[in-house]
Amino acid sequence: MSKIILQEVLFLILLVGFSIPLGLFMYKVMSGEKVFLTRLLKPVENCFYRLMGIKAEEEMSAKKYAFSVIIFSMAGFLFLFLLLLLQGILPFNTEGMKGLSFDLAFNTTASFVTNTNWQAYSGESSLSYLSQFLGLTVQNFVSAGVGIAVLFALIRGFIIKEKKAIGNFWADVTRAVVYILLPLSLVVAVLLVSQGVVQNFSSYKEITALQDGAAQILPMGPAASQVAIKQLGTNGGGFFGMNSAYPFENPTSFSNLLQMLSILLIPAALLVSFGKAVKDKRQGRTLYAVMMILFVAALIFTTVSEQYTAPSYAGVSYSGNMEGKETIHGVGMSSLWAVVTTAASNGSVNAMHDSLTPLGGLMPLFLMQLGEIVFGGAGSGLYGILSFVLLAVFIAGLMVGRTPEYLGKKVEPYDMKMVCLLILVPPLVSLLGTGAAVLMPSVQGWLTNSGAHGFSEILYAFSSMGNNNGSAFGGFTANTPFTNITGGVIMLLARFIPLIAVIFLGGNMAGKKPVAASEGTLSTSNGMFAGLLIGVILIVTALSFLPALALGPVADYFTTR
Amino acid sequence: MKEKSFDKSIILDALAQSFKKLDPRVQVHNPVMLVVYIGAVFTTLLFILSFAGIRDESAGYTFTISVILWFTCLFANFAEAIAEGRGRAQAQSLRSARKDVKAKKLLSETDVSKYTEVLSNSLKKGDIVYVAAGEQVPMDGEVIDGAASVDESAITGESAPVIRESGGDRSAVTGGTTLVSDWLIIRITAEAGESFLDKMIAMVEGAARKKTPNEIALQILLVTLTIIFLVVTAMLLPFTDFASRQAKRGAPISITNIIALLVCLAPTTIGALLSSIGIAGMSRLNQANVLAMSGRAIEAAGDVDVLLLDKTGTITLGNRQASEFIPVKGVTEEELADAAQLSSIADETAEGRSIVVLAKEKFGIRGRDLSKLQATFIEFTAKTRMSGIDYQKNEIRKGAAEAVKDYVTGKGGRYTEECERIVKEVAKAGGTPLVVAKNGKALGVIYLKDIVKNGVKERFDDLRKMGIKTIMITGDNPMTAAAIAAEAGVDDFLAEATPEAKLTLIRDYQSKGHLVAMTGDGTNDAPALAQADVAVAMNSGTQAAKEAGNMVDLDSNPTKLIDIVRIGKQLLMTRGSLTTFSVANDVAKYFAIIPVLFFSIYPQLSVLNFMGLTSTYSAILSAIIYNALIIIALIPLALRGVKYRELPAGKLLQRNLFIYGLGGIIAPFIAIKVIDILLAFFGFV
């Protein structure tokens, strides 16, 4: 256990250490300031603008910004959808993969456009290399870029005074991809290749296994480049079906550490950018602290559960719950990964979540149900927690007898409407999806487990899609027309309703005159507010999901004890 | 509009109203309570269906649930009705003042002999009417000729008549008030339906009550929570259906229980009390004799962080008082006092009287027989700026330094430098110097001092703690102003204030993001009043001032501004605290209900039933009984408002979070357990 603690502490130190310089760098990039990469990448950036025929300096209203996001995402959606349907007749298809079925193509497209990366398919047996690198990898970049862009639109809303403009979407998304995601991915991809992650266009290799001499097919492909962005962009969709539990995606302890860091790096760094952008570092630090507290609590809960609540068998020395885990990662790094991937809206896995102990599995489920706000997705995590901040500010502001305000901007009915949309949609679609699934007559056939654990499998799947996480509990047959279509719709709703609400929230905030701070102003950067925020987050989530959790993991725990 | 306690009739009226408000057209305005209402209708239907053999729970249980839900609705209605009741009673007495009277409409402004009698409600803006003693002012207007004492008790509750006269700041009259003496010629400024009295009736009655922005924002949050709970509870049906099939035991949860659970979880406490809190806030303001023209204004008052306060009447007592006699060399203090007293005997102004009082206190100089002195008094005029007395060939004059200087030098006397120095010192210390001269010789200076009101300094300290800045507005010169500002402990001051300077000051603060409140009464205050975020016009003020402001203080007391801020803050705090309480309650209710809710499917979950509730039924019944009773229990708090303290935001939050957050979690645990024990004891479950 002490080794696990040491590893986990080391991980957190590295995370904080890397996030600070990256955060400052991202702030500069997104506000159009010069950085050390500017000379190298400015021509690339300008080339994009010329190609798309846009003026990067043009300030957009919320309406225009939202419209641009929708057009951009719709274009991406159509492109990927057609690519997946038609991959059979397109090049880079060494294994002769057929086009995907209509519902699977819809689900997969929705999944990657929404930065969810729920995978109802298995990469190595369903997708051509073209679909992987031109389709999915491109969406991995741009969907993360959209998240970061929209976050900055909201942040500008807090900074801008009495102007109805929140920046230019095209410039934001281009800068996020060109200066932040591409260079970081390049570094991570090279490091991954050094560890043995494959990166080629060769056809699958047939080998003879050492253990039993049986013939085995080894899938190949341009994996490293996609794995890097799958983690950095909090996407999570594995190149191979086994995701990061597969040696070709995650061969060593170092690659494991690198990937976990990559998952949380950008969401954590954005908190630093946020503090810098609103010219009050304490605001960023407070949110960082809140996320860190929730993260550490979840980590302790899961690790302890995995280490100590597994069944023990006579004659076998107890080693924690190793079912479904890779021995190279062990209980510690598998628990850490499970928490990291669900805290962030990543969803890649290095162990089988279905095999986690009931309470160990409860925590990743709960982290998703929080709305992916403990670090969360690239951009979306921070704008998600900001909606909770506004909610907390609203209640607390009333309690001190003033119209609530955050960062000097008043929180008024319009803002509350947007905040409520942000908070409302994910739990609603998760619950409704689960409800619809259990009503399906064939539901029993989709499950590998019965009883409370079976319910957990369904709840996990729809919580994962309904919060744009994308991780799978496993054990739930996802590739059915019902789940593909409902899931696809759920992912689109859970991503785009909050996203658009955030843009309009930013636009409305930008138009407001800032209120001067005084002794009567509620501080949003002290311990009490952090505590209140944690309380609000936990209560809202608990009230939404406690009954479902009681029927799932909690009942699972008590019935299998 | 003085305070009326809850008498029996208000309560009886509220009881009747609670049933009348069960009309779906009324219920539809409160989405949270609408859910309870629909739940009550639904369970009643389920109860009726049980006679047809369609049963999802025992008929008795369904019936009990439906009765409790109906009571929950009634309690919510009662809360609103009782808050409105107070306003209705006030409106009733106001209405009696709004009689249709015959008005004498003049054909010309000057000739009072030619008029036609018309009904007051047919008067148009700009009509000229004549009102004589004993008659009622037919409609709001501006006095254009005459002066009269007017009984305004119908509106202000104050029985002492006030003077209304043409020109100046006391020219506005209100329809429904009665002339006690003399006559007035009035130009009508409002038509029937839009008069001050009409507006007032509408406001106190709550008819004109529009939901304020903050109330709407809170409503959005409550509706969101309700939607979440609606889905959470509705999904329990498929979830438990699936779970019972998986566990091969138990049954899906009944619709009756789903409805009961939904009502428990929906934020009914705050939902039921939300409108009463708003009405009660308005009511408290009315009790302070302040009339807000909109609910928005009260909320804005809570946000105000800069108060512009007029020096005179708010910070200092209305009148200056003599506090010292400072003689020049060669003159004793007593001599000076004697001369000053003589010159002031006939001076009926408060300042003059204070000189007489001081002379008596210090040297025992008493009133004298004036006829013996054969004195003639010289009255103060704006031209001479001196007053005084001539007796037995003596001349005493007192007045402003400049005026007396001219007088002395004109008499060939010498106005010493020493005297000039004393004058400057007095001014520097915040006082007003009056120079006294006798027979062409300056004797010395009377130090007239502005007396800072008792307790204002402490009050300003409290305001500062809450982050509210106080700024004193005065016509005094900067030197005097600074001295008084320092003594009163205000944060800043505006000296030699002109209407333009006030307006600029307000704009300046607003552009820095502050919200500014001020009071005013004169026509020249109107632009500043219109600019301020919270503008309280004095009822004694001009029509222009009243129209520019968003509140009217019927007592015309400038100190009221501080009370208005308090009422505004208290209103928001009450809303926030009860919302917190309502949501915190849910946590406890979940812990009470969930472990026993799935008992039939997963008996193992009863380990979590650490409250030891008797059964699923008793847990649910206890929770919804608690849910209904807490509404009634909190009505007094909603009407009175949560306790208000002048504390910085952080401390206030800590306090209210502790009481209403933590209290909100603990209270239901205890109450539900007690109700459960009682139910079990009496054998209901």
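Which residues does Thr224(B) touch, not counting residues up to four places away in sequence? The answer is Cys420(A) and Leu424(A), where touching, or contact, means heavy atoms within 4.5 Å.

First, some ground rules. This is a predicted model, in which local features need pLDDT of at least 70 and side-chain atom pairs count only at pLDDT 80 or more, while totals for chains, interfaces and linings use all residues. Residues are numbered from 1 along each chain as its sequence is written, chains are lettered from A and ligands numbered from 1 in the order in which they are written, and side-chain values use heavy atoms, with hydrogens and water left out.

Back to Thr224(B). You'll find it in helix H7 of chain B, residues 213-247. Helices here are DSSP runs of H or I with at least four residues, strands are runs of E with at least two, and both are numbered from the N terminus. Thr224(B) is buried, with a relative accessible area of 8%. (Buried means under 20% relative accessible area, exposed over 50%, and partly exposed in between, using a 1.4 Å probe and protein chains only.) Its side chain reaches the backbone oxygen of Ile220(B) at 2.8 Å.

Now zoom out to where the two chains meet. On chain A, 60 residues are in contact with 61 residues of chain B. Together the chains bury about 5,200 Å², and 78% of that is on carbon and sulfur atoms. Buried area is the accessible area (1.4 Å probe) that two parts lose on being put together, summed over both. In chain A, Met399(A), Leu543(A) and Leu551(A) lose the most area to chain B, together 15% of what that side buries.

What about charges? The rule finds one salt bridge across the interface of chain A and chain B, meaning a side-chain nitrogen of Lys or Arg within 4 Å of a carboxyl oxygen of Asp or Glu. In a salt bridge of 3.2 Å, N to O, the side chains of Asp303(B) and Lys410(A) meet.

Which helix gives the most to the side of chain A that touches chain B? That's H17(A), with 15 residues. The residues on this side divide into 39 nonpolar, 14 polar and seven charged. Here Ala, Val, Leu, Ile, Met, Phe, Trp, Tyr, Cys and Pro count as nonpolar, Asp, Glu, Lys and Arg as charged, and the others, Gly among them, as polar.

Stay in chain A for a moment and find Ala494(A) in helix H16, residues 481-510. Ala494(A) is buried, at 6% relative accessible area. Although Val425(A) is 69 residues apart from Ala494(A) in sequence, the two are 6.0 Å apart in space, C-alpha to C-alpha. Leaving aside neighbours within four places in sequence, the contacts of Ala494(A) include Met465(A) and Asn468(A).

Most residues other than glycine have a negative phi. Asn117(A), though, has a positive phi near 60 degrees, and at 0% relative accessibility it counts as buried. Likewise, the phi of Glu372(A) is positive, near 55 degrees, and Glu372(A) counts as buried at 2%.

Finally, the strands of chain B. Two strands pair if DSSP finds at least two bridges between them. One open sheet has six strands in the order S2-S1-S3-S9-S4-S7, with antiparallel pairing. Its edge strands are S2 (115-119) and S7 (172-173), each pairing on one side only. Inside this sheet, S4(B) and S9(B) pair over four bridges, with Val143(B) partnered by Ile186(B).

Elsewhere in chain B, five of the six residues of strand S14 (residues 386-391) are buried, so S14(B) is largely enclosed by the rest of the structure. Strand S13 (residues 376-378) pairs with S14(B) in the antiparallel sense over three bridges. Six bridges join S14(B) to S15(B), again antiparallel, and Ser387(B) stands opposite Lys398(B). S14(B) and S15(B) form a hairpin with two residues between them, and Gln392(B) in the turn has a positive phi of about 35 degrees.

How values were computed. A polar contact is a pair of N or O atoms within 3.5 Å; within protein, one must be able to donate a hydrogen and the other to accept it, and residues adjacent in sequence count only if both atoms are side-chain atoms.
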